[in-house]
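Please look through the sequence and the structure before reading on.

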Amino acid sequence: MVLLGNILLGIAALLLVVFTFETFGKSAPGGDAGVGWAWAIVLYHFATFVCLALVAAIIGSQGGFAWVSASSSGVRFLWVAGGLLVALLGAMFAGFREGGPMLAWLGTFVPATIHLSLIIGFGMLLNGGTAYRLPLLLAAGLGAVPCGLLLSMSLKIRAESYLAAAKSIGKPDQNDLRMIAQIERHDVSKNISNLLIYTDYNKEKWVREPALTKIKSRPDWQQELVSGLQDRWAPEVFTFLAGNEVDDKSLFAEPLHAGILMQAELIREKIDAAYQKHHLYDGQFLWETERVLKTLERFEGNGQDYRPEMLKLREAFDAPCKTQKPDFVCKKYLDKWLKKH
């Protein structure tokens, strides 16, 4: 039986080598290739689970898990089986490298570490070794981290869905009430720039409508927006224009050129100011880029050619940087627009 167990551990080790070779230093591909990648990870972990479960059965038949504190052999079996399952599920979840930067980072080393720890720990138990507890506890502990992260993410998504359901029946939440109060307190005679964020198209109507009413209470509100396109609050103006109508579109046709250039300059400045890797992330600037694109969509056919300025906006992401730049997601949307225009 010990020989069979060692053969199974050898198969698990071979699977680990293949898995590491196929995934180390590689990112999860997109499209159909991504589906194949995911299935390969699932099948690898299933095969490893079968091998290690059989090894655990051999060890258990020889009394190798007597060190596990339990009131009965049945409870001891549940602890061992649960620990093995948590370890391998955690390794599999981390191996997908999806669900946020933390899981992506864990995916670079956790799966291989868990599998290696299980193989070493079971190997020691099977062959009479004494230092078997640390690798097995390490495997279970590491596996619990991705499982916990995914559980917390699932609970967060469920909470957000409940919140969305509450909003859908016309119930502002506490954050909405806070924003409404800020809108009411704002002195629109001084500026409108601080109100523009509340007019975004994804804001609830009970937030957007008071903000729009207050902004338009100024007779020169359109001239203020035009002025903002040439200032450093151009992103806020694009937030307004991306989701709301103006009375006179012709006022904005020419100033939009300056607004796009200002947005490009602000992005370039932020990239240039970054000096550590965590200062930049792949989803950064997606909000700003999307608002520019939606604004141009709403102002389509006004006789203006914004391609030169959009090229400058795209080039801003290629600006020199003091640290490693991520592959910004928004670049593909800009490339798509430029290809179309």
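Phe-285 lies in the loop between helix 12 and helix 13; helices here are DSSP runs of H or I with at least four residues, strands are runs of E with at least two, and both are numbered from the N terminus. The model is predicted, so local features need pLDDT of at least 70 and side-chain atom pairs count only at pLDDT 80 or more, while totals for chains, interfaces and linings use all residues. Residues are numbered from 1 along each chain as its sequence is written, and side-chain values use heavy atoms, with hydrogens and water left out.

Phi of Phe-285 is near 70°, a positive value in a residue other than glycine. Buried means under 20% relative accessible area, exposed means over 50%, and partly exposed is in between, with a 1.4 Å probe and protein chains only. Two residues can be set side by side on this scale.

| Residue | Relative accessible area | Class |
|---|---|---|
| Phe-285 | 5% | buried |
| Glu-265 | 37% | partly exposed |

Glu-265 is found in helix 12. Between Glu-265 and Lys-312 there are 8.8 Å in space, C-alpha to C-alpha, although the two are 47 residues apart in sequence.

Helix 12 covers residues 255-273, which is 19 residues. The expected span of a helix is 1.5 Å times one less than its number of residues. For helix 12 this gives 27 Å, and the end C-alpha atoms are 27 Å apart, which agrees.

The buried residues of helix 12 include Leu-256, Ile-260, Gln-263 and Ile-267. The partners against which the buried residues of helix 12 pack are helix 9 (221-229), helix 10 (234-241), helix 11 (250-253), helix 13 (286-298) and helix 14 (307-316).

How are helix 12 and helix 13 packed? Their axes are 11 Å apart, at an angle of about 165°. Axes are lines fitted to C-alpha atoms, for helices over the stretch in contact, and angles run from 0 to 180 degrees between N-to-C directions. Helix 12 and helix 13 are therefore roughly antiparallel, a term for angles over 145 degrees. Leu-256, Ile-260 and Gln-263 of helix 12 make the contact with Glu-288, Val-292, Thr-295 and Leu-296 of helix 13, where contact means heavy atoms within 4.5 Å.

The protein chain as a whole has 15 helices and 0 strands. Of its 341 residues, 39% are buried.

Methods: Angles under 35 degrees count as roughly parallel, over 145 as roughly antiparallel, 65 to 115 as roughly perpendicular and the rest as oblique.
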